[in-house]
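Please read them alongside the sequence and the coordinates.

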Amino acid sequence: MFGRIDELEVQAAGPLARWQVHWCDPRRGVSWYAADPVLAGLPMLAEWAHMHGTQPGQPVLLRADGWSVPEVNGFFASARMRNARAGMRRKYAFAVAVWLGFLDAVGRAWHDADEEDVAGFKFWRMTAEANVRRVAGGTVLDDLVAISALYRWAGVRFGVSDPVARRQVPGPDPGTVTESFEAGPHLVRSKDVKWLDPAGYARWVDVGLRGLDLRGREIDGWRGRNSQRDCAFVDGLYGTGLRLSEWASVLRL
């Protein structure tokens, strides 16, 4: 029933903890299933998946020793996650897997986590020298969004508290307020989206990728490489509307 497996290695204050992200594939055939005497007479995997609403591509988190948290996997089976984009499910699955590995390393159960654990998680992800895979603030912020979504879903069903505390901060407009995470990183790259009309896009390509000045002449000292390839790539993105991951499959180095 499982397809590809992605494994995460998490090392913090305690022993190494490995959490695997499995991706469900209910249509996958298993040759030994029908011949197993223990499983004889039971529904096939595809039937089990249909009865439980399991969808292709649904994440299932398992620790390397086979341990799982049914409540967490229930979150990924929820209507919210079933209706989410594949990229969002993937992002949330890895974020929660890293969080569970961290909790294992510091000896905390997922349902007992509190604000101090979140603060420790942030420090370990961004600052701790023992972590050789430190990340930027934007990644930690994405982690907190996923972790909080899990606990808010689980809070209604299992009575657990969301350890990702929030505080009110001034909103983008005068006199407004919005919520922010207490443990949110202070330095996060702004996602200030700019829309370019065709003329603006053409100017951006000329200046940024071809190394031309505003008169169409090559800039002195321009050291750009593979400008034809780069221009073809961005032209494809701009002209087709495909996602970056989809169009990237046509790029050949």
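1. Ala 154 lies in helix 6, where helices (H or I, at least four residues) and strands (E, at least two) are DSSP runs numbered from the N terminus. Ala 154 is buried, at a relative accessible area of 1%; buried means under 20% relative accessible area, exposed over 50% and partly exposed in between, with a 1.4 Å probe and protein chains only. Leaving aside residues up to four places away in sequence, Ala 154 touches Trp 110, Gly 159 and Val 160, a contact being heavy atoms within 4.5 Å. The C-alpha atoms of Ala 154 and His 111 are separated by 9.3 Å, and the two residues are 43 apart along the chain.

2. On provenance: this is a predicted model, in which local features need pLDDT of at least 70 and side-chain atom pairs count only at pLDDT 80 or more, while totals for chains, interfaces and linings use all residues. Residues are numbered from 1 along each chain as its sequence is written, and side-chain values use heavy atoms, with hydrogens and water left out.

3. The protein chain contains nine helices and five strands. Along the sequence their order is β-β-α-β-α-α-α-α-α-β-β-α-α-α. Of its 253 residues, 34% count as buried. Among contacts with a separation of 6 or more, 49% are between residues 24 or more positions apart.

4. Leu 141 is also part of helix 6. Is Leu 141 buried or partly exposed? Its relative accessibility is 28%, so Leu 141 counts as partly exposed.

5. How do helix 4 (residues 86-106) and helix 6 (residues 137-158) cross, and at roughly what angle? Their axes come within 9 Å and cross at roughly 85°. Axes here are lines fitted to C-alpha atoms, for helices over the stretch in contact, and angles run from 0 to 180 degrees between N-to-C directions. Helix 4 is therefore roughly perpendicular to helix 6; angles under 35 degrees count as roughly parallel, over 145 as roughly antiparallel, 65 to 115 as roughly perpendicular and the rest as oblique.

6. In that contact, helix 4 contributes Lys 91, Tyr 92, Ala 95, Val 96, Trp 99 and Leu 103, which meet Asp 142, Asp 143, Val 145, Ala 146, Ile 147, Ala 149, Leu 150 and Tyr 151 of helix 6. These residues comprise eleven nonpolar, no polar and three charged. Ala, Val, Leu, Ile, Met, Phe, Trp, Tyr, Cys and Pro count as nonpolar, Asp, Glu, Lys and Arg as charged, and the others, Gly among them, as polar.

7. Helix 4 also packs against helix 5 (residues 115-126), with axes that come within 11 Å and cross at roughly 105°. The two helices are therefore roughly perpendicular to each other. Val 98, Trp 99, Phe 102 and Leu 103 of helix 4 touch Asp 117, Val 118, Gly 120, Phe 121, Trp 124 and Arg 125 of helix 5.

8. The whole structure holds 13 aromatic pairs, that is, rings of Phe, Tyr and Trp (its six-membered ring) with centres within 6.5 Å. Ring pairs join Trp 99, Phe 102, Trp 110, Phe 121, Trp 124 and Tyr 151 into a cluster.

Notes: Rings of Phe, Tyr and Trp (its six-membered ring) pair if their centres lie within 6.5 Å; planes under 30 degrees apart count as stacked, over 60 as edge-to-face and the rest as tilted.
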